[in-house]
Amino acid sequence: MAEDAKPDEAQAQLFQKFEQTLNNVALIGSFTITGKENQGTKPERYEISNVRKLEEGDLWLINARIKYGDKDTNIPMPLEVKWAGKTPVITLDNTTIPGLGTFSAHVVIDGDKYAGTWTHGEVGGHLFGKIEKLED
């Protein structure tokens, strides 16, 4: 029976580390637009107040402040988190974010860094940056 408990314990540790990494943080970085790489990167910032695992499947509730264009809103988003071994990947697949539109994205969380791809309608690109703890 002890062997059966090990995967659950390992998974619980991964979940706890993911929560610690993304509670009360800002993702500060840049994004690119495919086909317009010669225009350089554009700044981005997402603030996450907290994350918690939901009962259903791979869903996590991510409470985030999103600044996008002239929008600045706090949104609770149930998003899938898939695991590549011990590495979490936040996954949106044609996910509608109220007031902002429909997005697809795959964002790898690697320690204090993040990187991934994004799509919004006909536009897409890459994103990357660092994860910084916010002041209490």
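## F18 and its aromatic neighbours

In this predicted model, F18 is buried, with a relative accessible area of 3%. Where does F18 lie? F18 belongs to helix α1, while W60 belongs to strand β3, so the pair they make ties together parts that are 42 residues apart in sequence. W60 is also a buried residue, because its relative accessibility is 1% and buried means under 20%.

A pair of aromatic rings is described by the distance of the centres and the angle of the planes. The structure holds 5 aromatic pairs. In one of them, the rings of F15 and W60 have centres 5.2 Å apart and planes at 85°, so this pair is edge-to-face. F15 lies in helix α1, which covers residues 2-22, and W60 in strand β3, so this pair ties together parts that are 45 residues apart in sequence. Both F15 and W60 are buried. The rings of F18 and W60 have their centres 4.8 Å apart, with planes at 80°, so this pair is edge-to-face. Ring pairs link F15, F18, W60 and W83 into a cluster.

## The largest pocket

Now look for the largest pocket in the model. Its volume is about 740 Å³. The lining is made of 28 residues, and those that lie nearest the centre of the pocket are E44, Y46, I66, F103 and L127.

Which strands each supply at least two residues of this lining? They are β1 (25-31), β2 (42-53), β3 (59-68), β4 (71-84), β5 (87-97), β6 (101-110), β7 (113-120) and β8 (123-133). What kinds of residue make up the lining? The residues divide into 23 nonpolar, 2 polar and 3 charged.

## Two hairpins

Strands β6 and β7 run antiparallel and are joined by 8 bridges. I109 stands opposite Y114 in β7. The two strands β6 and β7 form a hairpin with 2 residues between them, and G111 in the turn has a positive phi of about 65°.

Then comes the pairing of β7 with β8. These strands also run antiparallel, and 8 bridges join them. T119 has G124 in β8 as its bridge partner. β7 and β8 form a hairpin with 2 residues between them, and here G121 in the turn has a positive phi of about 65°.

Most residues other than glycine have a negative phi, and most peptide bonds are trans. Which way does the phi of N24 go, positive or negative? N24 is not a glycine, and its phi is positive, near 55°. You can find N24 in the loop between α1 and β1. N24 is partly exposed, because its relative accessible area is 24% and the range for that label runs between 20% and 50%.

N94 is another residue to look at, with a positive phi of about 50° although it is not a glycine. N94 lies in strand β5. Is N94 buried or exposed? N94 is exposed, because its relative accessible area is 57% and the exposed label applies over 50%.

S30 lies in strand β1. S30 counts as buried, because its relative accessible area of 16% is under 20%. Leaving out residues up to four places away in sequence, S30 touches T41, K42, P43, E44, Y114, H126, L127 and F128.

E80 is found in strand β4. With a relative accessible area of 31%, E80 is partly exposed. Which residues does E80 touch, not counting those up to four places away in sequence? E80 touches D58, L59, V89, I90 and T91.

Methods: Residues numbered from 1 in each chain as written. Predicted model: local features only at pLDDT ≥ 70, side-chain atom pairs only at ≥ 80, totals over all residues. Heavy atoms only, no water. 1 Å grid on protein atoms, 1.4 Å probe; cavity = no way out; pocket = protein on both sides within 12 Å on 5 of 7 lines; lining within 4 Å. Points joined across faces, edges and corners; volume = space filled by probe spheres on them. Helix = DSSP H or I, 4+ residues; strand = E, 2+ residues; numbered from the N terminus. Nonpolar A, V, L, I, M, F, W, Y, C, P; charged D, E, K, R; others polar. Buried < 20%, exposed > 50% of the residue type's maximum accessible area, 1.4 Å probe, protein only. Contact = heavy atoms within 4.5 Å. Phe/Tyr/Trp six-rings, centres within 6.5 Å; stacked < 30°, edge-to-face > 60°. Pairing = 2+ DSSP bridges.
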